[in-house]
Amino acid sequence: MKLRIFTEPQQGATYDDLLSVAQATERLGFDAFFRSDHYQRIGAGDPGPGSTDAWITLAGLARETSRIRLGTLVTPATFRLPGPLAISVAQVDQMSGGRVELGFGTGWFDTEHAAYGIPFPPTGERFGRFEEQLEIITGLWTAEKTYSFEGRYYRLADSPALPKPVQRPGPPVIIGGFGAKRTPRLAATYADEYNVPFRTLADTGEAFARVREACEATGRTVRLSVAQTTVVGADRAEVERRAAAIGENPETLPAGGLCGTPAEVLEKIGEFAELGAERVYLQIMDLGDLEHLELIAAEVLPHV
């Protein structure tokens with residue numbers, strides 16, 4: 001089981017805040033640093049300094065870290081055209097020496113699209129564009145010569161399909177979500193990893209089963225993972241303090257998150273492992289509390 005640190009900087013964080021967490025992630029022995037890809041705060045509260053661009057952030061971190069994996073959960077297909085996105089991810093993969101992963105999704109937060117003039121098509125069209133983008137991006141990375149594509153939404157004519165990423169055939173692609181039909185099919189067709197975010201153990205098991213069934217049809221296998229809001233404390237008082245700091249209820253959070261003492265959190269991680277999860281993305285909301293990461297590294301990480 002790999003533990004990965006997952007941040008939500010649209011809630012208010014600068015690049016320097018993210019750099020501090022990423023370097024702590026590497027120093028403390030975690031497997032990876034991931035960030036969301038949003039341009040606006042989600043929910044009420046002080047927007048702080050505003051969001052940062054995910055791939056510009058990861059490009060910077062690629063040069064300021066040396067071991068940890070780097071990626072997004074998840075980049076919306078609505079934000080970028082597939083060709084330029086393939087170039088950006090390949091370049092950051094080069095800058096990191098082959099440590100990048102692309103978490104990719106349809107996009108869902110309509111408010112941020114309206115705020116920044118980004119088109120937000122209906123659900124069916126977003127999925128259609130998402131599927132074409134998956135084919136184009138992976139096609140550009142793997143093409144041996146030029147690459148062309150003719151779809152409903154995108155057309156590429158004799159692309160040089162450059163630059164190439166360091167990782168071959170390309171950086172791992174992560175698809176997440178809880179959809180019952182389209183998501184499992186797309187994950188089984190294009191993804192290297194399928195992630196279930198912020199769900200109960202029962203819901204996660206059902207989602208994993210749907211993807212396994214879809215993989216039987218495609219003849220592929222994908223790695224399974226989960227993302228969970230994480231609050232760990234040495235004792236009950238510390239758990240309550242950390243939960244309050246991020247506006248969570250320590251009584252209800254354990255249903256769809258990791259919340260409790262190290263022993264309690266380890267027990268639930270073990271239950272996810274029994275379902276087949278190989279990675280857990282620990283959603284850390286208080287980026288100023290590096291002692292939280294130190295506790296997890298000391299009391300949880302050595303036992304997974």
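**Close-up 1. His 113 sits in helix α4, which covers residues 110–115.** Helices here are DSSP runs (H or I, at least four residues) and strands are likewise DSSP runs (E, at least two), numbered from the N terminus. This is a predicted model, in which local features need pLDDT of at least 70, side-chain atom pairs count only at pLDDT 80 or more, and totals for chains, interfaces and linings use all residues. Residues are numbered from 1 along each chain as its sequence is written, and side-chain values use heavy atoms, with hydrogens and water left out. His 113 has a relative accessible area of 1%, so it counts as buried (under 20%; exposed is over 50% and partly exposed is in between, with a 1.4 Å probe and protein chains only). Leaving aside neighbours within four places in sequence, His 113 is in contact with Thr 78, Phe 79, Ile 118, Pro 119 and Phe 120, where contact means heavy atoms within 4.5 Å.

**Close-up 2. Helices α3 (residues 82–96) and α5 pack against each other.** Two packed helices are described by the angle between their axes and the distance between the axes. For α3 and α5, the angle is about 50° and the axes are 9 Å apart. That angle makes α3 oblique to α5. Axes are lines fitted to C-alpha atoms, for helices over the stretch in contact, and angles run from 0 to 180 degrees between N-to-C directions. Under 35 degrees is roughly parallel, over 145 roughly antiparallel, 65 to 115 roughly perpendicular, and the rest oblique. On the α3 side, look for Pro 82, Gly 83, Leu 85, Ala 86, Val 89 and Ala 90; on the α5 side, for Gln 133, Ile 136, Ile 137, Leu 140 and Trp 141.

**Close-up 3. Ser 88 also belongs to helix α3.** With 29% relative accessibility, Ser 88 counts as partly exposed.

**Close-up 4. Helix α6 (residues 182–190) crosses helix α7 (residues 201–218).** Their axes come within 8 Å and cross at roughly 50°, which means that α6 is oblique to α7. Pro 184, Arg 185, Ala 188 and Thr 189 of α6 meet Arg 210, Val 211, Ala 214, Cys 215 and Thr 218 of α7. Cys 215 is buried, at 8% relative accessible area. Elsewhere, Cys 259 is buried too, at 11%. The structure holds zero disulfides (a disulfide is a pair of cysteine sulfur atoms within 2.5 Å).

**Close-up 5. The largest nonpolar core has 74 residues.** Such a core is a set of buried Ala, Val, Leu, Ile, Met, Phe, Trp, Tyr and Cys residues joined through side-chain atoms within 4.5 Å. Phe 30, Trp 55, Tyr 194 and Leu 282 have the most contacts inside the largest core. Helix α5 (residues 123–142) gives the largest share of this core, seven residues.

**Close-up 6. Met 285 lies in the loop between β12 (279–284) and α10 (290–299).** At 30% relative accessibility, Met 285 counts as partly exposed. Beyond its neighbours within four places in sequence, Met 285 is in contact with Glu 8, Gln 11 and Ile 246. Met 285 and Val 231 are 54 residues apart in sequence, with 9.0 Å between their C-alpha atoms.
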